[in-house]
Amino acid sequence: MKPFKFEQATTAVQASQTHADAAPNARFISGGTDILGEIKESVLEVNILVSLAGLSGASEIISSDLGLEIGALVTLARIASDQSIVETYPALAQAAESVATPQIRNVGTLGGNLCQRPRCWYYRSPLFDCLKKGGETCFASDEGNKYHAILGAENCHIVHPSDVAVALLALDATVVVSNASGDRQMPIGDFFVSPDVNMLAENVLEPGEFVSKVKIPKPSSGTRSVYLKAKERQAYDFALSSVAVSLEVRDETITQAHVVLGGVAPVPYSVPQVDSELTGQKIREVDVQAIGQLAVKDAQPLSDNSYKVRLTASMVARAVSRLISE
Amino acid sequence: MATTRDYEPNVVLSNQDYNVVGTRPLRPDGADKVTGRALYGADFAAAGLLSGSVLRSPHAHARIKSIDTSKAEALDGVRAVVTSADFPQGGEGPVVWQRDNVLASDKALYRGHAIAAVAAASPHIAEEAVSLIDVDYEVLTPVTDVQSSMKGDAPILHDSLMTDELGEKADKASNVASHFQHVKGDVKAGFKEADVVIEREFTTKTVHQGYIEPQAATALWNNDGRLHIWCSTQGSFAARDACAKILDIPVSQIRVVPLEIGGGFGGKIDVYLEPVAALLSKKTGTPVKLVMSRADVLQGTGPTPGSYAKIKIGAKKDGTITAAHAYLAMEAGAYPGSPVGAGAMCVLAPYDLENALVDGYDVVVNKPKTAAYRAPGAPNAAFAGEQVIDEVAKAIGMDPIDFRMKNAAKEGTRQVHGPTFPRVGYEEVLEAMKSHPHYNAPLDGPNQGRGVAVGFWFNIGFDSACNIAVNADGTVTLQEGSTDIGGTRASIAMQAAEVLTLPYEKVHPTVVDTDTIGFTAVTGGSRTTFATGWAAYEAAQDVRTKMIDRAAQIWEVDADTVELEDAVFKSKSDPELSMTFAELAGQLGRSGGGITGTAAVSPSGVGGAFAGNIVDVEVDPETGKTEILRFTVVQDAGKAIHPSYVEGQMQGGAVQGIGWALNEEYYMSDSGTMDNVSLLDYRMPTSLDLPMIDTVIVEVANPGHPYGVRGVGEAPIIPPTPAIANAIENAIGTRLFALPMNPAAVAKAVMDK
Ligand SMILES: Cc1cc2nc3c(=O)[nH]c(=O)nc-3n(C[C@H](O)[C@H](O)[C@H](O)COP(=O)(O)OP(=O)(O)OC[C@H]3O[C@@H](n4cnc5c(N)ncnc54)[C@H](O)[C@@H]3O)c2cc1C
Ligand code: SF4
């Protein structure tokens, strides 16, 4: 670990300015559960860490008729246990609850979870100067790819590590980004970018920009959601494959559907063909196995991860089946 | 899943009651540990302490052409840089291997192999300095698994290593260090008599002990020539002797002070950092501390081997095994010395066989030199052997426990490698399994299955010493040299208390350094409660005799007329003459001086231990995930000195076995790198992955120990992998022949069915 400066920002403008001025060797830090690991493992060298932890107003959960606003500094533990989230946005609470361990959920924040870096073990080892770190090769393309992507990956085969992002996408969330001149916002699906768009980052943030909150529209009555996560052990594990599903059901008919896959692609992965297949179906007539198969139709597994195809199909089938029998 | 219990979860089938032995007092080290005060290896501090850092090879197999340390030496704050050239040179065989493993000389033989080390004013400077060392490597092709390494065209690790083929040295370099055989009867004839013969092949991956405390060592090579080492070790004398060999100095020049240890499981017997810290201290004249990271631990210390096994067993329809052949090949890692020898002694041990053959192969590969891990070699062997036993039992339509009972080894059975069993408790273990409510409970659901398996570990004796001193207040202090990784301070003190008829609380045990006590072998081989406990028993007898003599002298009576009972000395002839232990202790100074007892033992009456598991699993056929629903461990402890700590060993062995069965593995890339070098990616089970593990302690006293103790630390890790494999087979109707049986592997087995 190399020495670095630590700057405690008190206002959004100050945070943004300090970061922008020191780019590209500045990073934001919120809970530190991800970034400090990167620094200690010598995967990342920074000159300055700009702490967002002291920003006012970023630690609130505001629930209204319009929907929900969650500040970027809200911890995963709070999201998992917040009454309004548990009741109205169950997929989100379940996703937050499924992260890591209680210790990490108590410290890790929403903003940090969305902006955490990939968990590819070559990325996380200082020994491998791979594409994602500006190098020439992907070490996972031919071997060592058991936990890598089966969908939507070209050169770099990371899976996006965030559980929460998968649920937020299924719930049609919007990300609010702050910079020195104010805010901009975008649907969460546009926030994440695949390595083919930008090899060195997983989102659209520019220097000086950080996530300040996430907004979720209030679901109509009749909407139900669920998040399921397959992992090798029951705690302290990322998803082998996960799925968030949100269904709006009226008169026993699915009127809207959003199925999102996690742990299988470089970004939280929407499968629009599944959404349109489900929409309009009578819940009693849904063939969940066929829906599962459809979700992985485009899968291109690597040498060690073809198990993820069937696993993901089965996770989708289970999630849909759970919701239509609710 | 919550199970309602209609039985006692932890049962002791006791053979004899004592006052202290068999009770469950608090451990003397407990308070310090739960309050965070215990001093572990990395906590050690000293004036002028320097921090060290180790440069490790990025290649799994490479010739080291040159090492340029000049840039590192020039960095501000760097005090010394050492390489293998700083060790005394010369010698051959094991000492060279040991030395080269600590700092590579001509070749780096695994990714993570230590190459050079730096001492500096701070850990950050040391780390930076390490990155300034230039090593010129000629990168060679690595070979990282036992089967590839045995092939004729495999890259050779050691040009001078020739196979020891059944006692004869071959004349060509090979990665097979040795091939040995144990033969009993005539297997060919035996297989001819069989109605059913089953032969299967199995593989296991490298796994790590996973102790929570990484290795840490501080060395001070003093101006007077004496070397002091403070470290986390399972054997302070073993560490001392290894350092003496590597540094080529007399053992008397070294003092090793064992600090509190955060787990070892066999992995903290070998030295890694100690000799390097010593070299750095010699160069700088100040104490130097080296501490490993988790990645260093996984890549730079000794795990237990990956292995290949082929097992063939034949039986008659009536259940008699007519012949068995076990072929075992185990990875030694970078230097010869896999645990295949122990595996070969254990694989068929539970069975009384007329015809048997065991072939063992010790094979070097480009991975860290393996170290001991609980019953080293035996779990690898049992994963193979106990599955074929299960399959044979099924093929002839016999209950798997009945099949084992029919062929059970017992007192007088000659083992395949020669020795005859003394009294052992295997049949009693099988009986306890058969009659356990778990074995007879119905399974309730599809994709559930139950499996059983057993394991044997021989345990060891070796040297131990103990000193006991009587305090004026009637307590005693006890000094011993066995570092405490499993509650042995308590189990040793209890044996002394029993002899002295004192309450346990009156005995204060301390683990001391190598200058303070007689030679004591490692805390390993399940020997500590047996052998150091025996030393404590003898030292306590010494104290008892001297105290009785003193009472007799004070009373002016014959010593044989004085007895000690319930901490009171009494004269058999004169009921008036009576004095408590504390009263006598208070008078020692005035009546001839203090009393100490001492003993050094090397007991031979080691008692082997059998353990058995019953396990229920539920497999999700789509995700491949196996849930352990219920797990029962039955084990012969001989005598459980402290039943809670015996249960802890049984449960701990089961937990590690479950991890080994379902998840743990060194995930190796073709370049010979371990990909999963963190505890996030190297998946040991968490509490949420485990059910309550029930235990049944069977006590069939070991006639070779005063209280009947057998070792208990290792046997319980042997049966879990085959028991779980057998349970999975019963759940999904197909058998897994490779570890780990992780979700991807199980899902594939279901698909391929
Ligand atoms: C052992 C372990 C297991 C884990 N398991 C899981 C899991 O199963 N599922 C899962 O989803 N996650 C998992 N995680 C990741 C964990 O959820 C994240 O580390 C945590 O949510 C990050 O939050 P933080 O506040 O600590 O982020 P930090 O570590 O402070 O920051 C993380 C990254 O985000 C950036 N950043 C932080 N806040 C902002 C912001 N507001 N705007 C823009 N950028 C920002 C930082 O620069 C940094 O690059 C695991 C982590 C660990 C260490
Ligand atoms: S998958 Fe991406 S992060 Fe991993 S090695 Fe390949 S390029 Fe690097």
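This is a predicted model: local features need pLDDT of at least 70, side-chain atom pairs count only at pLDDT 80 or more; totals for chains, interfaces and linings use all residues.
**Briefing: ligand shells, chain contact and helix packing**

Around ligand 2 there are 14 residues, of which Cys120(A), Tyr122(A), Cys130(A), Cys138(A) and Cys156(A) come nearest.

**Ligand 2**
- By class, the shell around ligand 2 consists of 11 nonpolar residues, two polar residues and one charged residue, and the residues that come nearest in this shell include Cys120(A) and Tyr122(A).

**Ligand 1**
- Ligand 1 is placed between chains A and B, and the elements that each give two or more residues to its shell are, in chain A, strand S2 (26–29), helix H2 (35–40), helix H6 (102–107), helix H7 (110–115), helix H8 (163–170) and strand S8 (210–217).
- H7(A) provides the largest share of the shell around ligand 1, namely four residues.
- Of the 36 residues around ligand 1, those that come nearest are Gly31(A), Gly108(A), Gly111(A), Gly112(A) and Cys115(A).
- The shell around ligand 1 divides by class into 19 nonpolar, 12 polar and five charged residues.

**Contact between chains A and B**
- Chain B brings 21 residues to the contact and chain A brings 18 residues; on the side of chain B that touches chain A, helix H20 (residues 743–752) of chain B gives the most, with four residues.
- That side of chain B is made up of seven nonpolar, seven polar and seven charged residues.

**Packing of H7(B) and H8(B)**
- In chain B, helix H7 (residues 236–247) packs with helix H8 (residues 274–284) at an angle of about 55 degrees, and their axes are 9 Å apart; H7(B) and H8(B) are therefore oblique to each other.
- The crossing of H7(B) and H8(B) is right-handed, and the contact is made by Ala239(B), Cys243(B), Ile246(B) and Leu247(B) on the H7(B) side and by Glu274(B), Pro275(B) and Ala278(B) on the H8(B) side.
- Sorted by class, the contact of H7(B) with H8(B) has six nonpolar residues, no polar residues and one charged residue.

**Surroundings of Ala535(B)**
- Ala535(B) belongs to helix H16 (residues 528–555) of chain B, and Ala535(B) is buried because 31 other C-beta atoms lie within 10 Å.
- Leaving aside residues up to four places away in sequence, Ala535(B) touches Ser464(B), Ala465(B), Cys466(B), Ala599(B), Ala600(B) and Val601(B).
- One of these contacts, Ala599(B), is 64 residues from Ala535(B) in sequence, although the two are 5.5 Å apart in space, C-alpha to C-alpha.

Notes:
Residues are numbered from 1 along each chain as its sequence is written. Chains are lettered from A and ligands numbered from 1 in the order in which they are written. A residue is near a molecule or strand if its C-beta atom, placed from the backbone, lies within 6 Å of it. Ala, Val, Leu, Ile, Met, Phe, Trp, Tyr, Cys and Pro count as nonpolar, Asp, Glu, Lys and Arg as charged, and the others, Gly among them, as polar. A residue is buried if 20 or more other C-beta atoms lie within 10 Å of its own, exposed if 12 or fewer, and partly exposed in between; C-beta atoms are placed from the backbone. Two residues are in contact if their C-beta atoms, placed from the backbone, lie within 7 Å. Axes are lines fitted to C-alpha atoms, for helices over the stretch in contact, and angles run from 0 to 180 degrees between N-to-C directions. Angles under 35 degrees count as roughly parallel, over 145 as roughly antiparallel, 65 to 115 as roughly perpendicular and the rest as oblique. A crossing is left-handed if the near helix is turned anticlockwise from the far one by less than a right angle, and right-handed if clockwise.
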